[in-house]
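Welcome! Here is a short tour of charged side chains that pair up, written for a first look.

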Amino acid sequence: MIPLKLELTNFLSYRDTAVLDFSGIHLACISGANGAGKSTILDAMTWALFGQSRSRSDDDLVNRVAALGGDGAEVSLVFELENSVYRVLRRKKARKRTLLELQMAVDPEQWADGGWKTLSETKLRETEAAIEALLRMNYDTFINASFLLQGKADEFTTKTAGRRKEILAELLGVNVWDQYKELATNRRKEVENRLILLDGQLGEIELELGEEAERQETLQAAQAELAIIAERLKDKEVLLQQLRRAETAVSQQKQLVKNLENNLIRAQKSLADLKQTRQKRQKERETYQAILDEADKILAEYAAWETAALDLRGWQSRADAFNQLQQKKRPHELAVTQARSKLEQQAQELAAQAERVAAATIERESVTQKLVAGQARLAELGTAVADLTQQEQTWHEAKAKLQRLESERKLLAQEQGQIQAESRKIQKIVAEKTAVAQNAQQAEKELAELTTQVAAIAGWNKQYATSLADKNSLESEQQRLKAEMNRFKERIDGLKVESGGQCPLCGQPLSDDHRQEVLAQLQAEGEEMGGRFRANKDHIAALTTEIVRLEAQIKQSDRIERDQKTQQQRLAKAEARLAEIETAVTEWESGRQATRLTELEKRLADDTAVSAQQAQIKELATAVQQKTALEKERQGQQRRISQAEARLAEIERLAAEWEQVGQKTLAETKQRLEAREYATDDLAALAELDEQIAAIGYDLAAHDAARQKRDELAGAQTRQQELKQAEAAVKPLEDTLAHLAEQITGQEQTAADMKGQHEAASAELERIAADSGNLRGVEDEVFRLREEQIAANRRVGAAQQRLDVLADLRARQETLMVERAGVTLQIQRLKLLEKACGRDGVQALLIEQALPEIEDHANELLDRLTNGEMRVSFETQRALKSREGLAETLDIRIQDNAGERPYANFSGGEQFRVNFAIRLALSQILAKRAGARLQTLVIDEGFGSQDPNGQQRLIEAIHAIQDEFKRVLIITHVAELRDAFPNRIEVEKNVTGSTISVS
């Protein structure tokens with residue numbers, strides 16, 4: 001991957017769009033002040049490609065100013081990969097989802113002119129997966145091989161051994177064998193499932209073939225049962241036809257009875273309706289007659305109601321005129337009220353102002369006294385603070401001296417701790433020497449035993465293959481023998497039953513003597529086959545036991561070989577460890593660390609100078625504390641003086657304003673309220689309207705009395721209407737009652753005739769029903785027998801089908817046996833392939849082959865960077881603590897002139913050199929491999945931890961390997977190093993954000 005162009009907008013410190021064009025840049029230095037945005041360039045590249053950066057959340061990447069304005073961050077990265085040009089666009093608004101696009105240039109030579117073809121997927125995760133597949137690496141792999149990011153230079157070195165191995169496998173491309181193993185595993189599981197299915201099918205077939213005699217008997221029984229059911233069904237169907245003819249006659253008579261019953265019910269209902277109508281009309285005539293009897297009273301009440309209504313209309317006209325005048329008064333009353341309220345409020349406000357002025361006049365004297373006292377105290381505090389300032393300067397100097405003394409003692413204590421740790425380490429390895437020697441002896445003994453067992457493994461495999469082939473051969477012969485025995489049995493059974501016919505052996509006419517001779521011959525051959533069948537069965541059982549035993553032994557072969565390798569490594573490590581112990585003890589004894597330790601203990605025991613300095617600081621600290629308190633008091637006194645002066649000025653302003661304006665305005669307002677000098681036009685209008693209201697003479701009580709009297713007589717009008725209705729309705733009702741009496745007499749005669757007809761038809765129905773039989777019972781019996789006949793037919797068909805299928809099953813059994821043998825062989829081959837593709841197979845082999853080359857490259861760089869003082873080595877296996885054996889690992893061993901030490905015990909500069917050498921070695925190896933796609937190297941802030949010699953060596957190493965990469969970018973804030981590189985990318989930060997320029 002070779003970056004061509006990077007654009008950043010609203011990304012972290014970059015507000016306006018910043019463009020970094022990599023054209024013509026091979027080796028460049030990215031420089032700028034701390035915090036200017038140098039590392040942000042790398043964050044933008046990793047975020048665009050993988051959606052990851054040093055920030056925990058994508059929302060933190062959006063420039064804060066842009067986020068407040070609703071704008072989002074956007075990064076565009078154009079890069080070249082295998083002669084093609086791609087562009088990745090990633091956008092993010094605060095609290096919104098991220099947008100990602102992957103594009104490919106239509107013309108790689110003219111990509112700057114546009115013309116892009118989208119390669120984006122429908123979902124963000126799918127597009128990110130497409131980018132990782134294109135680059136053949138994820139974020140972890142990318143920053144471990146190509147980017148040495150700020151704060152992550154030790155990303156590979158400090159990873160766990162397992163994670164380092166995974167990253168190395170991804171970088172070297174050997175993890176593709178994981179896919180091969182997965183394919184082999186999935187295929188093996190599929191084939192094993194097929195074997196299980198075949199075994200199940202063969203078992204089912206065997207069970208079914210053993211049921212042939214039983215199925216013959218089932219068929220015969222089903223056929224006999226079907227014949228019995230058919231005979232019984234025929235008799236019942238004849239009886240059912242006779243009963244159905246009788247049932248038809250009963251049904252017709254029932255319908256006649258039902259029709260007569262319905263006619264009788266309708267006639268009785270019609271008669272009841274006529275009587276009910278007559279009763280209703282009689283009640284109506286009685287009601288109307290009662291109203292006619294009160295005619296004189298109703299007419300008198302109606303005349304009184306008309307008089308009361310006329311009186312009420314007169315009072316209502318007066319009320320309407322009165323309400324109109326009252327409505328006209330309301331605007332004038334509101335204007336008078338508002339004018340009076342405004343004057344009253346003004347008077348209240350002026351009175352309150354007078355009270356405030358009086359209180360301020362009293363307050364002025366006390367404020368003046370406080371001001372004089374405060375100014376005097378401020379002068380005293382200024383003199384005291386000036387005296388204490390000189391003492392504070394002395395305290396700071398004493399404190400700086402104490403810090404230097406303590407720093408020197410801390411360095412001495414640190415050196416003492418390191419020498420003591422080295423001493424304890426020597427004591428520990430001396431004690432370890434005996435245990436390591438015993439471990440070496442035990443490993444040598446166990447290795448001899450395992451070597452003998454390994455020699456026997458080849459014999460086990462050969463014996464297992466021979467036994468398995470013999471077993472498969474015998475099982476095939478057993479199938480053939482069983483088929484032959486079944487055919488002989490059929491011939492013997494046929495000869496025992498048949499008489500006459502021809503001989504099945506020679507084809508001649510078959511006599512009784514000849515039949516017996518043939519039977520004897522067939523039985524002898526059958527017994528011979530049976531003997532061979534049983535002997536083969538015993539031999540198969542013995543071979544099965546032997547195969548199981550050999551499989552168990554062969555399964556142990558991998559463990560034995562691993563144990564042999566483990567013991568070899570264990571012995572080698574023990575011998576190497578013994579040599580290391582001897583070397584370490586010799587170096588310790590020949591050195592002067594013990595003398596230095598005594599000297600350090602003596603110097604650290606003398607703390608006189610530190611104690612004296614601490615006492616002086618403690619004495620001066622009191623003066624510093626007093627100065628702080630006095631300065632705080634002085635500031636408070638200044639604030640109080642300023643407040644007092646401001647308050648006096650405010651009091652003077654209030655008093656002057658009251659004397660000039662307030663007193664006169666208050667007197668004028670009170671005079672207007674007392675004389676009612678406000679809203680004069682509205683007051684005059686109100687007086688005129690009151691005179692007009694008095695002239696109307698409206699009395700509300702009289703109006704209410706007239707309304708009450710009219711309401712008491714309100715029913716008279718309704719009674720008068722009822723009287724008119726009664727006079728019109730009496731004569732028609734009397735005619736209707738006479739007609740209803742005639743209809744009722746005729747309907748009573750019709751109902752009586754219909755009742756007689758219904759009783760006669762019911763008697764005839766009872767007679768016919770008594771002569772019919774139990775039709776429903778016979779129908780149920782016929783239905784049940786038909787169901788039984790259908791079920792019996794099904795049983796006969798099923799039994800016949802189950803018998804016919806056995807011939808097909810025999811042929812199917814032979815086919816499945818052949819297929820099972822092939823599946824078993826395929827499973828064995830897939831298991832071997834699965835093991836070879838695993839982590840301990842081809843992958844481990846490829847990694848172990850690559851590690852020496854990586855180690856050589858890393859040590860070559862370390863030799864340049866440390867002047868031959870440091871080396872690294874990789875260890876791929878280590879002894880298990882819980883049990884004997886070795887575990888796969890990828891540990892990094894680091895040595896210098898003082899011997900091997902843990903990574904954490906080296907200084908920051910030394911750690912960076914180790915990280916730099918390993919990471920460059922990885923990048924160099926990948927650049928040389930055909931499948932590698934890393935052509936860019938980025939180093940972020942590695943020079944600051946180096947001394948001048950270390951910085952120069954790093955620069956020389958970078959120049960030495962620059963031709964192996966298309967782009968090499970170095971980020972640093974060390975000003976002296978900027979001119980060491982041919983190109984410079986300057987990053988600056990101002991009020992509008994970070995900017996980029998190339999020189």
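The notes below go through some salt bridges and their surroundings.

This is a predicted model, in which local features need pLDDT of at least 70, side-chain atom pairs count only at pLDDT 80 or more, and totals for chains, interfaces and linings use all residues. Residues are numbered from 1 along each chain as its sequence is written, and side-chain values use heavy atoms, with hydrogens and water left out.

**Salt bridges overall**
- Side chains of opposite charge can pair when their charged atoms come close.
- The structure holds 23 salt bridges (a side-chain nitrogen of Lys or Arg within 4 Å of a carboxyl oxygen of Asp or Glu).

- Glu128 and Arg90 form a salt bridge, with their closest N and O atoms 3.0 Å apart.
- Glu128 sits in helix H3 (residues 124–135) and Arg90 in strand S5 (residues 84–92), 38 residues apart; helices (H or I, at least four residues) and strands (E, at least two) are DSSP runs, numbered from the N terminus.
- Glu128 is buried at 10% relative accessibility, and Arg90 is buried at 1%.
- Buried means under 20% relative accessible area, exposed over 50%, and partly exposed in between (1.4 Å probe, protein chains only).

**Pairs within one helix**
- Arg549 meets Glu546 in a salt bridge, the closest N and O atoms being 2.3 Å apart.
- These two residues, Arg549 and Glu546, are three residues apart in helix H9 (residues 512–590), about one helical turn.
- Asp704 and Arg707 form a salt bridge at 3.0 Å, N to O, and both lie in helix H13 (residues 700–712).
- Asp704 is partly exposed at 38% relative accessibility, as is Arg707 at 30%.
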